[in-house]
Amino acid sequence: MTLVKAVKSMAAEAGFELLREHPLRLHYARTLDTWAEKLIASRDEAIAVSSEATYDKYVQYLTG
């Protein structure tokens with residue numbers, strides 16, 4: 001079962017109706033790139049409010 005089918009099925013079981021699908025593929029990749037650029041540019045501030053490990057984890061996710 002695909003992820004979309006699984007989400008539709010679980011939503012229906014919970015009483016929800018999926019009215020439209022919006023694939024994020026290229027838009028999501030572009031969004032991740034933008035977030036990564038901004039996070040990397042704010043490295044010191046990001047580490048100050050969280051930790052270096054958390055910063056590294058998010059940079060890895062956003063750029064992976």
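Guide: Let us begin with Ile47, which lies in helix α3; please keep in mind that this is a predicted model.

Visitor: Which residues does Ile47 touch, leaving aside those up to four places away in sequence?

Guide: Ile47 touches Glu52 and Tyr55 when residues up to four places away in sequence are not counted, a contact being a case of heavy atoms within 4.5 Å. Leu32, by comparison, is 15 residues from Ile47 in sequence and 19 Å from Ile47 in space, C-alpha to C-alpha.

Visitor: How do you know that the buried residues of α4 are on the same side of the helix?

Guide: The buried residues in α4 are Tyr55, Val59 and Leu62. They cover an arc of only 70° around the axis, and therefore they sit on the same side of α4. An α-helix has 3.6 residues a turn, so residues three or four places apart point the same way. On the other side of α4, the exposed residues are Ala53, Lys57 and Gln60, while what covers the buried ones includes α2 and α3.

Visitor: How does the reach of α4 from its first C-alpha to its last compare with what is expected at 1.5 Å a residue?

Guide: With twelve residues, α4 reaches 16 Å, close to the 16 Å expected. For α2, residues 25-41, the 17 residues reach 25 Å, close to the expected 24 Å.

Visitor: What makes the buried residues of α2 line one face of the helix?

Guide: In α2 the buried residues are Leu32, Ala36 and Leu39. Seen down the axis of α2, these buried residues fall within an arc of 70°, so they line one face. The face turned away from that buried side carries the exposed residues Leu26, Arg30, Glu37, Lys38 and Ala41, and what covers the buried residues of α2 includes α3 (43-49) and α4 (52-63).

Visitor: Why are α2 and α4 called roughly antiparallel to each other?

Guide: Their axes, those of α2 and α4, come within 8 Å and cross at roughly 150°. Angles over 145 degrees count as roughly antiparallel, and α2 and α4 are therefore roughly antiparallel to each other. The crossing of α2 and α4 is also left-handed.

Visitor: Which residues of α2 and α4 meet?

Guide: From α2, Tyr28, Leu32, Trp35, Ala36, Leu39 and Ile40 take part, and they meet Tyr55, Tyr58, Val59, Tyr61, Leu62 and Thr63 in α4. Among these, Leu32, Ala36 and Leu39 are the buried residues of α2, and Tyr55, Val59 and Leu62 are buried in α4.

Methods
Residues numbered from 1 in each chain as written. Predicted model: local features only at pLDDT ≥ 70, side-chain atom pairs only at ≥ 80, totals over all residues. Heavy atoms only, no water. Helix = DSSP H or I, 4+ residues; strand = E, 2+ residues; numbered from the N terminus. Expected span 1.5 Å × (residues − 1). Buried < 20%, exposed > 50% of the residue type's maximum accessible area, 1.4 Å probe, protein only. Arc of directions from axis to C-beta. Axes fitted to C-alpha atoms, helices over the stretch in contact; angles between N-to-C directions. Parallel < 35°, antiparallel > 145°, perpendicular 65-115°, else oblique. Left-handed = near helix turned anticlockwise from the far one by under 90°.
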